[in-house]
Structure formats: C-alpha cells, structure tokens
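Subject: Structure handover

Hello,

Here is the structure I promised you. Please open it beside this email; my notes follow below.

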Amino acid sequence: MAGECVPESPDLGEMGEEELWDLINDNRHRISLGVQPGILIPYLRQARVLTEMDEDEILSCHNFTNRSMRTSHMLDLLRTQGRNGAVALVESLMIHYSPLYTQVTGRKPSTEPSRFSGLIKYSELTEYLVRAVTGMQKELQEARCEASRKSASCASLELEIRQIMELAEKSRCLQSENERMRRHLCSLQHDVTKLKDEKCDLYMRYTAAIEEKSAVNIRLHDLNLQMYQLQTELQKAQTENEFQKRCSLRCAPAETPQLQEEVRSLRCQLVKAEKLDPARQDILAQDLAEAIDSQVELAEQLRCYREENEQLLREKQVLLDQKECLSLQVQQLTLDCNMHQQKSTVIQNQMKELQAERDQAYLSRDEAQTMIARILAEKDTLRCQLVELQEQVFSVQAQRSPREQQRRSCDVETEEDWESPRSSFEESPISPPRIPNRKRLCRMDAINPCAFNSECEDASSVRSRNAEPPSRESLLRREEALYADSSLEAVETESLLDDFVLIPSAESDDKHKPRLSPSNDSSMDGLSRTSVPPFLMRCRQKAIRVNGRVLSISLQGEALLGQLAVVGGNKTGVFVHQVTEGTAAHTVGISPGAQIVEVKYEQNQKALRMVLEDSTLEEAMWALGQVTGLCHLSLRPRQDDYEALLQQLQSSATSSGDSFYVRVNLSLPAGPNWTLAVSCNDILHVTNTRPAGAEDSWHASQVHPCQLLDLQSGSVPNYYRAQRLLIRAIEDMSFQTKKSQKAGRLVARKKQKAVRIVGTGRQGRNPLWVSVEEENTKSAESGDTSAPRSCLTLMPYSPVTPHFPPVCRPVLLLPTILGHILNKKMADWQGFQLCEPEVLSSSEHAAQLQRSEILEECEQGRSCCYTLQSVERVMEKGIHCVLPLGLDCVRRLHRAKIFPIIIFIGQSARSARKLRSKLQRHSQSEEQLLACSRSEEPLLDKLPCLYHSVAQDSWCDQTSLLTNLRTIIWGEQKKIVWVEPDLW
C-alpha cells in the first residue's frame with residue numbers, strides 16, 4: 001500500500017551521495033523508530049561499512065538507553081562512510097524492512113541481483129538466502145494476519161459463549177422461578193383443600209343446628225298443645241264448678257262443708273296451675289328467641305362461606321391459567337436451552353478444530369526450525385570433514401620422502417612448466433585432484449577467485465607449487481592467510497546467534513597441537529623445527545542448540561557480580577541488566593535482556609545447582625555471589641519483558657520485580673528512616689528485597705484485610721536481620737525477671753502476643769530461600785558461611801497466598817469443650833446448621849480414610865464419622881456449617897480448599913465461673929475447661945492460617961458472647977484468607 005501511495009523515484013544507482021543522505025534524513029524519524037540495529041548490523045558488517053568496534057559501540061554503549069538512540073547513532077556512523085554507507089543502509093532496509101524501504105525510497109523491494117549495489121559479492125547461495133528471507137517475511141506476515149483473524153474469530157466465539165452462558169443462567173433462573181411457583185401453587189391447593197374441609201364441617205354443623213331447631217319447634221308445638229289442653233280442662237273444671245255450686249245451693253246444708261273443702265282444693269290447684277303456666281311460657285319464649293337468633297347467625301355464616309368459596313374458585317382458575325402460561329414458558333425455555341447447548345457444542349467443536357490447526361501450525365514451525373538446525377549441523381559436519389581431509393592430505397604429503405617428491409616435481413616441471421595451477425598436493429595419486437580456484441565454503445561471503453590468479457602471478461605465493469616442503473616464510477604467510485580466513489569465519493558465525501551460543505574453549509594449549517600419527521616422526525624432520533601450519537588444526541567452535549529457548553553458557557564465574565548486573569525479582573524474573581566489557585561474560589556473548597533461569601557450579605568438590613527462575617532479587621544476587629570458578633548459566637531470551645520492566649522502573653510504577661506476601665511472626669516497633677511498625681500475624685506485601693540505600697531491609701506495605709490493596713508502606717528488616725531480632729526477643733522472654741506474680745503473668749501474656757515461633761519442619765530449609773540442590777543428591781548445602789544457618793529452624797516471616805472463598809465458610813469454636821456447648825445455640829440461628837455425622841460401612845470407612853475425607857470419628861463408634869462430604873453438603877446450601885470438631889480437621893479441610901473460620905475464646909478462672917451452670921449440664925467442670933484452653937492455645941500458632949481470638953473481658957454472659965460471635969463471623973467472612981505452606 002505504501003509503495004502505491006509514493007510516486008516512483010529515480011534509480012538509487014544514479015543518485016549522488018548528498019541526494020541519498022537527504023532522502024535518508026527526511027525519513028530519519030521513521031527509521032529510528034521502526035528499525036532494530038541488531039538486525040541490520042550483520043549485513044552492514046558484510047558490506048564493510050561498519051567495524052566490530054562500531055557494532056560494540058552501538059549495541060553496548062550505556063549512554064544509549066533505548067533502541068531509537070542506538071539506531072540514530074548507527075545512522076551517524078554510516079554517514080561517515082559516505083555513499084557506500086547510504087547504499088548499504090537502503091539495501092539492508094530492502095531485505096529486512098520492506099515496507100519501510102518502500103516508504104523511504106518510493107520503490108518496491110526486489111531480490112534481483114541487478115537491484116543491489118555490488119558492495120557484497122553475491123553468489124547463488126546468497127540470492128537463494130535473500131529470496132528465502134523475503135519469502136519467510138511474507139509467510140510471517142500472512143501467519144500474523146491469519147493469527148489476527150483467528151484471534152478475532154476466537155473473540156467472537158467467546159462472546160457468543162458468554163451470551164449463551166447468560167441465556168443459560170436466565171433459563172436456570174426461570175426454572176427456579178417455575179419451581180417456586182409450583183411450590184406456591186401446591187401450597188395454595190393445600191389451603192383450598194383445608195378450606196373445603198372447613199366448609200364441610202360448617203355444613204355438618206349447620207345441618208345439626210337445623211335438626212336442633214326442628215326439634216325445638218316440635219317441643220314448642222307439644223308444649224302449646226299441652227297448654228291448650230290445660231286451658232280446656234280449666235274451663236271444663238270452672239263449668240263443673242259453677243254447676244256444682246248451683247247444685248250445692250240446692251242440696252242440703254249437710255253437704256256444704258264437704259263441698260267447700262273440695263272447692264278450696266280446687267282453688268289451690270287452680271292457683272298452682274296459674275302460677276306454673278307463665279314461667280313455662282317465658283322459658284319457652286326465651287328458647288324460641290335463642291333458636292331464632294342462632295338460625296340468623298347460621299344463615300349469615302353460610303352466606304359468608306358461600307362468598308369465600310366463590311372467591312377461592314376464582315383464584316383457583318387464575319392459578320390454573322398462570323400454571324398453563326408458566327408451563328408454556330418452561331417448554332419454550334427448554335427448547336431455547338437445547339438450541340443454545342447445540343450451538344455451544346458446535347462452537348466448542350470449532351474451537352477444538354482451531355486449536356488443532358494452531359497445534360499443527362506450531363508443529364510445522366517446529367519441524368521447519370528442526371530442519372534448519374539439522375541443515376546447519378550437517379554444514380558444520382561437512383566443514384569438519386573438509387578440515388580433516390586437508391589434514392590427511394598434508395599428512396600423506398609429509399610422509400613422502402624428499403627424494404620422491406623431488407623426482408616427481410622434476411617430471412612435472414618438464415611436462416607442464418607452470419601451465420596448470422595445481423599444486424603438488426593435488427597431483428598426488430593418493431589425494432583426489434582439487435582445483436584451487438574453487439571458492440572456499442563460507443556462510444554469507446565468498447573469496448574472490450581473482451585472489452588465486454594473483455597468487456599464480458606472484459612468485460612468493462602463499463600456496464607453494466613445488467614438490468619440496470614449504471619454507472619457513474611460506475608457512476608464516478599461510479598462518480597470516482589462515483588468520484584472515486578465521487576473521488571472516490567469525491563474522492559468519494555471528495549470524496547464528498539467534499539459534500546457537502558459541503562457547504570458547506577453556507582447554508589447555510595441548511589441544512592446539514597437530515594431530516599426527518607416530519609414524520610420521522621419521523618423515524617430518526624438516527617440519528619439526530617449526531610450528532605446524534595453523535590451517536591443519538583449524539576447527540570451528542562448538543555450538544549448542546537452543547532447547548525450549550533456554551541457552552546454556554559456560555564461562556569463568558570469578559566475581560560474577562562484577563562481570564554483570566541484574567534487575568528483576570520473583571514476579572518478573574531475574575534479567576541481565578549490564579555486562580562489563582572485557583570480562584568473560586561479555587566474551588561469551590551475554591547481553592542485557594536475558595533471564596537467568598539456573599546457575600550450576602562446583603564448590604568443595606560438589607556440583608551445585610541454583611534455580612533462579614522464581615527467586616527474589618536478593619536471593620539471586622546472593623546466589624550469583626557464591627559462584628567461583630567455572631559455572632554454567634541457563635539463560636532465556638525475554639527482551640520484551642525486560643523492556644517492559646525497565647519502563648516500569650523508569651516511570652517509578654514499581655521499584656523492582658519482586659512481589660510476594662508474608663505473614664509476620666514477631667512484633668516490630670516503628671523506627672527512623674520510614675521503618676514500618678508491624679505486629680505479630682500481620683500480612684505484608686514485599687515489593688523490593690534490595691532497596692537502594694537500605695542495607696538488610698525490605699520495602700513492604702501493609703495489606704487491606706478485605707481487598708488486595710496496599711496501605712501504609714515502609715521498610716522492614718530482611719529475613720536474616722528479622723531472624724536475629726526474633727531470637728533476641730525469645731531470649732528476652734526467657735531471661736526476664738518476675739517482679740511479682742501478677743506482673744509476671746501480664747508480661748508473659750504480652751510476650752505471647754509479640755512472637756510466633758515457627759520452624760521449617762520437614763523441609764529443612766527456609767521456604768523464602770533460593771533453591772540450592774546438588775546434582776546427584778538434590779540436597780547439597782550452599783556452603784555460604786555468611787548466611788546464618790539458624791534460618792533452618794526459626795522463621796520471622798512465613799510466605800502466604802491469598803484465597804477468596806466464594807461461599808459461607810464453616811465455623812470452628814475453641815476451646816473444644818466450650819465449642820460443644822455453643823454449637824447447638826449457633827445451629828438454631830438462621831443461616832447456620834450443625835454438621836451431622838455419617839454412618840459408614842467398613843469398606844466406605846477404609847476408602848474415605850485412605851482419601852483423607854474423614855475429618856473426625858465420633859465417640860459412639862468407629863462407623864460413625866464426620867466426613868468432608870457432610871460439610872460440603874451444608875456449604876452448598878449457602879449457609880455456615882458449625883463444626884463440632886477439634887483442630888486436627890483444619891489441615892484436612894485446607895486440602896479440600898475449604899477454609900474454616902477459627903475463633904478462640906480466651907478463658908480464665910473468672911470467665912469460667914460465668915459458664916458454671918452450662919458446664920454442669922454437660923458434665924464438665926471449670927478446671928477441665930481451663931485445662932482444655934491451655935492445651936489448645938499453643939496449637940493455634942501451628943495452624944497454616946489466621947484465627948480470631950476473643951478477649952476474656954469482652955463478654956459477661958452467654959447471650960453477649962453469642963452476640964459477639966455473630967459479629968465476628970460476619971466480619972471474618974468478608975476477609976481474605978491467607979494460607980501459608982504446611983511446614984509441620
């Protein structure tokens with residue numbers, strides 16, 4: 001595209017020096033930003049416009065802090081070369097930076113030989129390599145385009161996957177809502193059934209009331225009939241009485257008293273009858289009124305029940321309609337979910353195909369690199385064979401007697417008389433004929449054949465064509481020619497630095513002696529007085545293939561920190577920052593930007609290996625300072641990460657490449673020079689283990705308890721100085737005098753909070769220390785006398801890693817006796833559930849015991865156990881699991897990535913008396929509680945995690961204690977869980 005936008009410029013061969021440099025200066029900014037000097041320098045060296053000193057100055061000068069400054073200085077050096085420098089620069093841009101070449105010159109790049117200036121004598125191999133480089137650049141560009149397309153397609157597929165996951169989440173929400181509606185519908189149906197039952201009861205009661213009413217009415221009717229009959233009898237009696245009275249007046253006076261007596265009795269009966277009838281009538285009237293009122297109430301209740309029944313029928317119909325709608329939605333969501341699952345399956349298959357294609361592309365690339373390496377190795381082998389053949393030819397020629405050589409030379413002189421340029425070595429019947437005009441096998445350069453013609457014309461040529469052995473002057477000239485060839489070969493080997501690392505030979509001078517057989521002693525008397533020609537012992541330096549982009553380099557490591565400077569840390573890696581010129585490290589080709597992965601050396605007749613891949617800057621500098629004698633460095637080229645680290649250091653975004661978290665095991669007061677005050681069990685974020693101007697100190701920051709945020713920062717003692725402070729604090733605790741018993745108890749309590757004694761345990765070394773291993777036993781000691789060996793026992797800092805539990809954490813209360821009392825109270829809270837034991841068979845018990853899934857066995861029997869699955873089932877409900885267990889379950893839970901909230905309730909004789917009644921109910925005593933507290937409190941420091949301690953005077957009774965526990969659990973759930981490696 002750039003070539004089409006820029007008009008066609010005149011041919012570069014027709015342009016003068018000033019025009020070329022004006023063209024380059026107009027685009028100097030582009031060239032400085034887009035060109036890497038290390039890529040163009042090999043071509044410019046072959047074109048002989050830059051020397052080795054220029055190359056060292058461009059690449060190794062400390063004044064050039066970035067790539068643009070190095071490129072600009074390279075342009076200034078090329079400007080001194082005049083037109084050749086400009087032409088060589090443009091041609092190198094045409095080979096390595098085709099788009100930039102088009103932008104600068106306005107011409108399209110071409111690999112035709114006619115387009116080059118002729119500064120370098122090209123051969124068919126050179127043209128082939130140029131075309132191959134151009135083709136590989138095009139393939140690289142196409143591969144990058146394909147990779148960008150693949151990444152875009154992967155991004156779109158990931159977006160679709162996220163959308164599908166969102167739809168699946170919505171479908172799950174709708175399914176849960178449907179299940180909730182179903183449960184609600186079932187509850188409503190249950191309520192309707194209850195109402196129907198109540199309605200039936202009311203109907204029964206109403207029927208009974210009606211029957212009672214009818215019975216009352218019948219009774220009232222009977223009473224009315226009886227009253228009517230009595231009235232009738234009364235009237236009849238009155239009539240008879242009147243008749244009797246009239247009759248009595250007619251009768252004799254003797255019957256009068258008898259009649260009066262009867263009348264008196266009749267009157268009494270009448271009076272009695274008149275007195276009874278109103279009372280009965282009132283009772284009956286009252287019963288009738290009550291029956292009428294109850295009938296009205298029953299009618300009113302019946303009307304209300306009918307209205308409620310109609311309302312329930314309407315609600316039932318509405319719920320049935322909602323149920324039908326929800327069932328339709330569920331069916332639709334099920335279809336959508338199935339469709340999205342199919343889409344996700346198709347997308348996953350496509351991603352698998354893309355991954356397979358990517359793996360195939362990586363495999364093809366690796367095969368191509370392997371083929372290139374094999375070709376280079378074969379080429380090296382052919383060169384070695386060529387040198388050995390030359391040695392054999394010279395040995396055979398040296399074995400001939402001088403007389404046979406003189407006679408054969410006389411015959412050759414009479415026949416040919418300088419007509420053939422072949423030497424006496426080539427006319428030998430033992431060695432095959434060889435043409436001296438043939439070009440020397442070389443990687444990127446060739447010897448001009450005209451040089452051989454000049455040799456033929458010169459009588460004092462380096463290549464002698466006489467039958468006699470060469471003279472001393474001829475051997476010296478051959479040695480000078482060999483040194484010239486070796487300089488060319490050194491230039492050629494620099495193009496292999498991307499794939500090979502050259503290791504200079506550290507052997508004795510005996511290996512430079514000629515390899516001649518003992519049978520040659522008699523025939524080499526003429527040559528024994530002088531040194532053997534150097535081209536006989538000429539051999540190419542050995543090369544090591546890069547395996548996995550890790551380079552292994554051997555060098556003399558005396559004062560290794562004086563030869564190179566390092567930057568970085570455990571987060572970014574340890575990089576070579578500066579290399580001192582003239583040292584062994586500079587000689588073997590170590591350059592800034594290489595990560596030091598491993599160091600191997602011998603000390604006290606032991607082979608030691610130090611792994612620095614994840615070490616801090618302090619550990620790396622200590623490890624490199626221990627190297628003496630021959631050492632082997634394993635380097636990994638990571639130039640981009642190194643430049644990113646330098647940018648962060650220059651912008652003050654970070655002070656080093658270190659970043660790790662530690663748990664402090666002692667209390668340190670604040671001091672001068674921004675010394676940070678820390679307490680025991682605090683969490684620190686260490687960001688620099690070698691701060692400038694602070695010996696034996698680290699730069700660290702306190703960490704927010706709920707987020708990974710740095711709070712107050714300052715300097716703290718490093719590991720070894722903090723270890724000495726820890727030992728001093730323990731000594732002060734041991735030899736402190738007790739002024740009084742009470743004061744002694746207070747001081748002891750303060751000291752227990754001041755330090756936490758932690759040892760390295762089975763590891764046998766500090767986990768923050770650099771990994772030093774023997775080659776054979778993997779357990780060699782470092783041999784450093786300056787480093788304190790006490791670091792193997794006491795640890796002032798423990799490395800920790802953060803964890804963020806996604807669900808409610810289990811709760812473990814200590815001491816165990818008090819925990820058993822409070823666990824049942826906590827289990828009654830909302831959001832808490834007590835962990836229940838499981839009954840296992842013998843086979844299940846053995847299997848789970850082997851998998852460490854049994855947390856603790858119950859006292860009732862061996863088959864009843866608290867298992868890991870029971871805790872997980874409670875946690876899946878989203879509630880806290882109350883653990884009625886001891887401290888032994890903590891590490892088993894940590895292995896399953898379950899981090900309980902550990903709360904220790906401090907006990908004293910006064911606090912134990914507050915729980916006397918509770919303890920007596922559980923058949924426990926105050927002395928047992930205090931003994932359990934004293935035995936479990938020291939074990940808390942051995943846990944690989946933090947715990948919360950409740951003060952003795954922070955609660956007054958069981959209710960206040962439970963309230964404090966709820967608040968503590970709510971606060972601990974939001975905190976980050978810091979876990980250290982299990983060192984016990």
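Helix 20 and helix 27 cross in a right-handed way. Right-handed means that the near helix is turned clockwise from the far one by less than a right angle, and left-handed means anticlockwise. Helices here are DSSP runs of H or I with at least four residues, strands are E runs of at least two, and both are numbered from the N terminus.

Some ground rules. This is a predicted model: local features need pLDDT of at least 70, side-chain atom pairs count only at pLDDT 80 or more, and totals for chains, interfaces and linings use all residues. Residues are numbered from 1 along each chain as its sequence is written, and side-chain values use heavy atoms, with hydrogens and water left out.

**Helices 20 and 27**

The axes of helix 20 (residues 816–827) and helix 27 (residues 958–974) come within 11 Å and cross at roughly 70°. Helix 20 is therefore roughly perpendicular to helix 27. Axes are lines fitted to C-alpha atoms, for helices over the stretch in contact, with angles from 0 to 180 degrees between N-to-C directions. Under 35 degrees counts as roughly parallel, over 145 as roughly antiparallel, 65 to 115 as roughly perpendicular, and the rest as oblique.

Helix 20 brings Leu822, Lys825 and Met826 to the contact. Helix 27 brings Gln958, Leu961, Leu962, Leu965 and Ile969. Contact means heavy atoms within 4.5 Å. By class, this contact has six nonpolar residues, one polar and one charged. Ala, Val, Leu, Ile, Met, Phe, Trp, Tyr, Cys and Pro count as nonpolar; Asp, Glu, Lys and Arg as charged; the others, Gly among them, as polar.

Helix 4 (residues 37–46) packs with helix 7 at about 125°, with the axes 10 Å apart. The two are therefore oblique to each other. Their crossing is right-handed. From helix 4, the contact uses Ile39, Leu40, Tyr43 and Leu44. From helix 7, it uses Ala88, Leu89, Glu91, Ser92, Leu93, Ile95 and His96. These residues divide into eight nonpolar, two polar and one charged.

Helix 7 (residues 83–96) also packs with helix 8, at about 135° and with the axes 6 Å apart. That makes helix 7 oblique to helix 8. Val90, Leu93, Met94, Ile95 and His96 of helix 7 meet Ser98, Leu100, Tyr101 and Thr105 of helix 8. This contact has six nonpolar, three polar and no charged residues.

Helix 8 (residues 98–105) is mostly covered, with six of its eight residues buried. Buried means under 20% relative accessible area, exposed over 50%, and partly exposed in between (1.4 Å probe, protein chains only). The buried residues are Ser98, Leu100, Tyr101, Thr102, Val104 and Thr105. Just after helix 8, Gly106 takes a positive phi of about 75°.

**Two single residues**

His803 sits in strand 14 (residues 797–803). Its side chain makes a polar contact of 3.4 Å with that of Thr801. A polar contact is a pair of N or O atoms within 3.5 Å; within protein, one must be able to donate a hydrogen and the other to accept it, and residues adjacent in sequence count only if both atoms are side-chain atoms. Not counting residues up to four places away in sequence, His803 touches Lys897, Phe899, Ile976, Val977 and Val979.

Leu259 lies in helix 10 (residues 256–399). Leu259 is buried, at 18% relative accessible area.

**The whole chain**

The protein chain has 27 helices and 23 strands. Of its 984 residues, 35% count as buried.

Best wishes
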